[in-house]
Amino acid sequence: LDLPLVSSRDYIIKIVDESVWKDGTGYIKVSWTAANDKDALVPLKKDIVRVRINDGYWLLEPRENGKKTFATYYVYTSPGGSIPNWIANKANDIAVPKVFHAIKEAVAAERKKAGK
């Protein structure tokens, strides 16, 4: 993460597919957690702060017989270093809605390409 006004950040995460999906029913869930035991694989770099708290998931659930999808995004993180948590929380207040907006635009573009 290359951030303005503060040191850059990096993190190592372990991703797990926890989906339960069969015959068009269930849900898709991908979770992640900080993999703080993997520093040997990705060594710390000078002037970069390693984020040690980064847990979350995406959960996608069908609604209205598959015509809509209910999406849940959860993240629990701390930026580390000297950034106060209230500043990180404010950044998330801005960034998370942008993620959902970008997804909505990508889906609309794919539907347009498919002629739907």
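How many of the five residues of strand 2 (residues 13-17) are buried?

1. The number is zero, so strand 2 lies largely in the open; buried means under 20% relative accessible area, exposed over 50%, and partly exposed in between, with a 1.4 Å probe and protein chains only. Strands here are DSSP runs of E of at least two residues, and helices are runs of H or I of at least four, numbered from the N terminus.

2. This is a predicted model, in which local features need pLDDT of at least 70 and side-chain atom pairs count only at pLDDT 80 or more, while totals for chains, interfaces and linings use all residues. Residues are numbered from 1 along each chain as its sequence is written, and side-chain values use heavy atoms, with hydrogens and water left out.

3. Strand 2 pairs with strand 4 (residues 25-34) in the antiparallel sense, over five bridges; pairing requires that DSSP find at least two bridges between two strands. Within strand 4, T33 stands opposite K14.

4. D10 belongs to strand 1 (residues 8-10). D10 is buried, at a relative accessible area of 17%. The side chains of D10 and R50 are joined by a polar contact of 2.7 Å; such a contact is a pair of N or O atoms within 3.5 Å, where, within protein, one must be able to donate a hydrogen and the other to accept it, and residues adjacent in sequence count only if both atoms are side-chain atoms.
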